[in-house]
Amino acid sequence: MYKILYLKKLIYILSLISISLNAQVNILTPNFKVLTISNQYVYANKTENKKITELINNESVFKFSAKHLINSGPFNPYTWLKIEVVNNSNLTDFIFEVNQTYIDSLALFVAKKKSLIKEFPKKGLYFKQNNKPSFFKNKYAYTYTINIPKKDTISIFVNGIVNDGSFKVLNKIWSLEHYEKRKKEVQYKTSYLIFFGGFVFLVLVLSFFMFAFSKKALYLYYAGFVSIMYLNILILRHFFSPLYVEKYLFYDNNFSEMIGLLQLFLMFQYFRHFFRLKGNHNKLDKFLSYLAIFALSYFLIALFMRKLHWFYAFSFYFTKLFMIFSTILVFSIAIYLALKKQRIAFYFIIAYTPLFFLIMHFILTAFGLTNGYNPLEWEFVIFFEVFVLTIAMAHNYYIQTQENLKNVERIYTQRNKISRDLHDNIGSQLTFIKSSIDNLKYITKTTDEKLISKLDQISSFSSHTINQLRDTVWAMSKENISIDNLCNRVQGLIEKTKVIDSELQFSLICNASKEIIFDSNKGINIFRVIQEAVNNTIKYAEASNIEIKLEESTKQIEITISDNGKGFDINNIELGNGLSNMEKRMAEINSQIHIHSIKNKGTSIKMNIPK
């Protein structure tokens with residue numbers, strides 16, 4: 001009795017070995033949970049997609065493959081797989097999972113002894129309405145429920161159509177119980193996309209704030225880079241249909257490849273600006289800028305040229321080689337800069353190390369040189385890269401802010417030193433010259449009126465120069481100039497002018513908030529224009545009254561200098577240096593000046609200065 005049982009078991013084991021060796025099938029063992037298909041037959045075609053009825057009875061077209069990952073290559077849009085399955089488990093119902101990131105059409109058939117017993121509805125991008133029931137939340141796998149009787153053998157035929165790219169597929173069979181655990185596990189792992197989306201939003205907000213404060217294009221490039229990467233993940237997950245993206249954005253081109261070119265363009269640009277290569281490494285900066293231009297140009301060309309078969313074939317390989325080259329280049333430059341003691345380069349080394357190896361693996365997989373496939377790993381690596389680079393961007397912003405503060409402090413110190421030197425040295429020397437000239441007029445014995453006149457001119461010029469120097473020292477000694485400072489300075493100008501012409505009447509009105517502050521450059525330019533307007537009035541206007549008014553509106557400060565002099569026709573007079581200088585000074589501080597004059601009624605000069 002026992003001998004008969006042992007003999008039966010031996011025959012059963014030998015039969016399994018025979019099936020496995022001869023038929024190259026996939027065996028579902030007792031206590032079955034999951035099986036990754038490794039024994040399958042492949043038929044790839046460039047020109048036509050054969051029907052299932054032709055292939056069931058024509059097995060000679062198939063070639064056996066013992067690989068987990070099947071990659072039919074980029075130029076075989078029609079691919080068939082034949083998978084033999086023997087059920088030696090205690091189960092009858094299973095889930096067949098087809099892992100294919102991007103597929104136009106997917107058909108699945110079940111046959112037994114060359115007879116078709118079940119045909120499933122087509123799925124894929126062009127059959128979106130059929131995807132939802134089994135297209136679970138990781139959105140990388142198409143699933144089918146199949147029935148295999150115990151101790152029975154079936155053939156599963158998989159037909160994939162990929163018009164742009166290659167058919168890269170990893171097939172698995174699950175028990176129903178284990179598959180439910182698998183779904184929960186995948187949903188848990190992929191829930192990070194919600195967190196990732198919030199993090200990307202935070203990155204964009206921070207980038208735009210940093211750009212607003214620094215006015216550096218670096219932060220816009222980084223915001224674009226992160227947005228494009230996240231968009232790529234959302235398209236792969238079918239939150240946006242790849243078909244719509246290709247139809248309306250990329251003109252029937254492979255979105256993954258096109259987005260890759262945009263990523264390279266943005267990567268080169270923000271890398272250049274991040275390390276401030278211009279000025280420190282000019283040749284390297286130029287090289288990366290040329291690569292950025294090339295990536296963008298190639299993207300624009302490929303939008304239209306990839307429709308041509310020869311260019312598509314060239315582009316498929318060239319783009320991936322360009323990605324490999326770019327990844328190695330950026331990684332190498334980061335190492336080079338780290339060796340040059342730029343510590344911030346270590347962020348890039350940390351961020352790009354896992355990405356470097358994953359891209360190499362991904363590209364090699366695309367060429368059919370590797371046997372692995374897990375899109376979830378790709379997404380976690382992308383998140384890690386963005387997370388590390390965002391910390392790097394924040395650190396970079398902090399460093400630049402500290403450098404700017406040090407530069408401002410250094411400039412302010414230098415300005416104070418220059419203003420002291422001007423006051424103590426140049427000012428005292430000019431005062432000495434003026435005093436000497438004035439003394440010379442009184443001690444000279446000559447009665448030459450021309451000499452006396454010349455000495456008067458030099459003395460007057462020296463006085464004017466000293467006043468100009470004092471005004472410059474006043475502006476340079478202040479980092480900011482308030483409205484009060486400006487009004488007090490104008491009042492001082494009025495007092496000096498009254499000494500020259502005691503009959504001239506002045507009116508000064510300051511109706512602006514004391515909280516308004518100008519930087520020193522803007523303050524000195526405004527004062528110089530007021531000074532020039534007063535001087536012109538004294539010289540040419542023959543006026544008896546000058547009014548200077550400072551008023552505040554919602555968006556600007558309005559300063560008006562008006563007189564009741566003889567006026568002039570502004571359309572029939574050539575502007576002198578004084579009026580031209582006024583316009584130049586206002587243009588320098590992004591302000592406007594309007595000159596209005598009427599003969600025998602007076603002149604009005606109005607400045608509009610933005611807050």
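**Close-up 1. Lysine charges over phenylalanine rings.** In this predicted model, the charged end of Lys118 sits over the ring of Phe120, 4.9 Å from the ring centre. Lys320 has its charged end over the ring of Phe316, 3.9 Å from the centre. A charge sits over a ring when NZ of Lys or CZ of Arg is within 6 Å of the ring centre and within 35 degrees of the ring normal. The model is predicted, with local features needing pLDDT of at least 70 and side-chain atom pairs counting only at pLDDT 80 or more, while totals for chains, interfaces and linings use all residues. Residues are numbered from 1 along each chain as its sequence is written, and side-chain values use heavy atoms, with hydrogens and water left out.

**Close-up 2. The aromatic pair of Phe225 and Tyr270.** The structure holds 40 aromatic pairs (Phe, Tyr or Trp rings, the six-membered one for Trp, with centres within 6.5 Å; planes under 30 degrees apart are stacked, over 60 edge-to-face, the rest tilted). With ring centres 5.1 Å apart and planes at 55°, Phe225 and Tyr270 make a tilted pair. Phe225 belongs to helix α5 (residues 218-236) and Tyr270 to helix α7 (residues 255-274), so the pair ties together parts 45 residues apart in sequence. Helices (H or I, at least four residues) and strands (E, at least two) are DSSP runs, numbered from the N terminus. Both Phe225 and Tyr270 are buried. Here buried means under 20% relative accessible area, exposed over 50%, and partly exposed in between (1.4 Å probe, protein chains only). Have a look around this pair, too: ring pairs link Tyr222, Phe225, Tyr270, Phe271, Phe274, Phe275, Phe348 and Tyr352 into a cluster.

**Close-up 3. The aromatic pair of Phe294 and Phe318.** This pair is edge-to-face, at 6.0 Å centre to centre and 75° between the planes. Phe294 in helix α9 (residues 282-305) and Phe318 in helix α10 (residues 309-339) are 24 residues apart, and their pair links distant parts of the chain. Phe294 counts as partly exposed at 34% relative accessibility, and Phe318 counts as partly exposed at 25%.

**Close-up 4. The surroundings of Ile70.** Ile70 lies in strand β5 (residues 69-71) and counts as buried, at 3% relative accessibility. Leaving aside residues up to four places away in sequence, Ile70 touches Gln40, Val42, Ser65, Leu81, Phe167, Lys168 and Val169; contact means heavy atoms within 4.5 Å. The C-alpha atoms of Ile70 and Ser38 are separated by 9.3 Å, with the two residues 32 apart along the chain.
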